[in-house]
Amino acid sequence: MEIAFWGVRGSIPAPGPSTVRYGGNTSCVSLRPKNGGLIVLDCGTGARNLGMTLMEGVFGQGRGEASILLSHAHWDHIQGFPFFVPLYQPGNRFHIFGGAQSSAMLEGILEGQMAPQYFPVQTLKNMGAGIDIAAIDEGAAFQVAGCTVRARTNPHGRAGALAFRIEDGAQSVVYASDAGYDPSGPPPASVDLYRGADILIHDSTYTPEDGRRYADRGFSSVENAVDAAIAGRVKRLVLFHYDQDYSDAEVDGLCARGRRLLDERGGREIELTGAAEGATLAI
Ligand SMILES: [Zn+2]
């Protein structure tokens with residue numbers, strides 16, 4: 001399975017000279033399972049570059065098919081959707097899964113950000129590609145691009161954010177962006193989802209100090225991410241969803257802090273990577 005990072009920021013895009021190494025786009029990750037399918041995790045502004053890259057292949061010829069898993073509908077997870085060019089190419093097929101009380105509600109959320117007051121071009125109804133939208137039943141595993149997917153809602157804001165575990169045969173990746181645990185740490189059902197994963201991509205918005213300062217915002221600090229990785233005994237922790245105000249040097253510091261915390265708290269064998277826009281990981 002190959003994982004590619006297209007946007008690794010939280011909340012709002014943060015382009016500029018101080019964010020060139022880790023990147024300024026908001027959340028978007030792609031997974032290529034061994035069978036060659038494509039899964040897209042969230043559609044923050046990073047989805048724009050992913051879309052343009054995909055158009056160089058079968059998606060540009062209207063023969064592409066992909067599944068999009070949306071953790072939740074805050075701006076930094078859906079704002080790239082109207083700018084994801086393969087959606088406008090007739091013949092492409094997209095299967096969209098997300099957390100909402102119904103599929104119609106999820107469609108309404110995506111359609112809402114494309115209302116003419118916000119977006120000048122199109123609506124979901126005439127984007128061109130075939131699009132089907134399904135609200136996720138949290139309790140049940142489902143099949144996406146030949147992989148088995150399980151979802152679980154983490155505490156985040158009023159509606160929570162889904163974390164996803166994607167299993168491709170024996171390999172497993174967990175995507176847990178936007179997780180604001182209470183002081184006791186991740187709930188048992190979340191630890192269950194993370195358990196033994198080859199890769200845990202985890203919200204790491206803040207330093208421990210900023211995490212305590214902004215505890216009401218519903219995000220994890222690097223300390224929370226480390227604790228989640230150790231509780232789940234994962235093989236590799238990938239820090240993700242950095243605060244928009246952190247410079248590259250500050251994110252370097254966040255990663256160094258994560259390594260130290262892992263070593264101090266019994267996670268010495270867990271590898272640590274700071275997600276960066278344009279980087280790939282293979283398992
Ligand atoms: Zn977010």
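Ser 11 counts as buried because it has 20 C-beta neighbours inside 10 Å (buried: 20 or more other C-beta atoms within 10 Å of its own; exposed: 12 or fewer; partly exposed: in between; C-beta atoms placed from the backbone). The model is predicted, so local features need pLDDT of at least 70 and side-chain atom pairs count only at pLDDT 80 or more, whereas totals for chains, interfaces and linings use all residues. Residues are numbered from 1 along each chain as its sequence is written. Ser 11 lies in the loop between β1 and β2 and, although not a glycine, has a positive phi of about 70°. Helices (H or I, at least four residues) and strands (E, at least two) are DSSP runs numbered from the N terminus.

A positive phi of about 50° is also found at Arg 233, not a glycine, in the loop between α6 and β12 (236-240). Arg 233 counts as partly exposed, because 15 C-beta neighbours lie inside 10 Å. Most residues other than glycine have a negative phi.

In helix α1 (residues 47-54), 6 of the 8 residues are buried: Ala 47, Arg 48, Asn 49, Leu 50, Gly 51 and Leu 54. Their cover includes β1 (2-7), β2 (28-32) and β3 (39-41).

The axes of α6 (residues 222-232) and α7 (residues 248-264) come within 9 Å and cross at roughly 40° (lines fitted to C-alpha atoms over the stretch in contact; angles from 0 to 180 degrees between N-to-C directions). This makes α6 oblique to α7 (roughly parallel: under 35 degrees; roughly antiparallel: over 145; roughly perpendicular: 65 to 115; oblique: the rest). Val 222, Glu 223, Ala 225 and Val 226 in α6 meet Leu 254, Arg 257, Gly 258, Leu 261 and Leu 262 in α7 (contact: C-beta atoms, placed from the backbone, within 7 Å).

Technical notes: Two residues are in contact if their C-beta atoms, placed from the backbone, lie within 7 Å.
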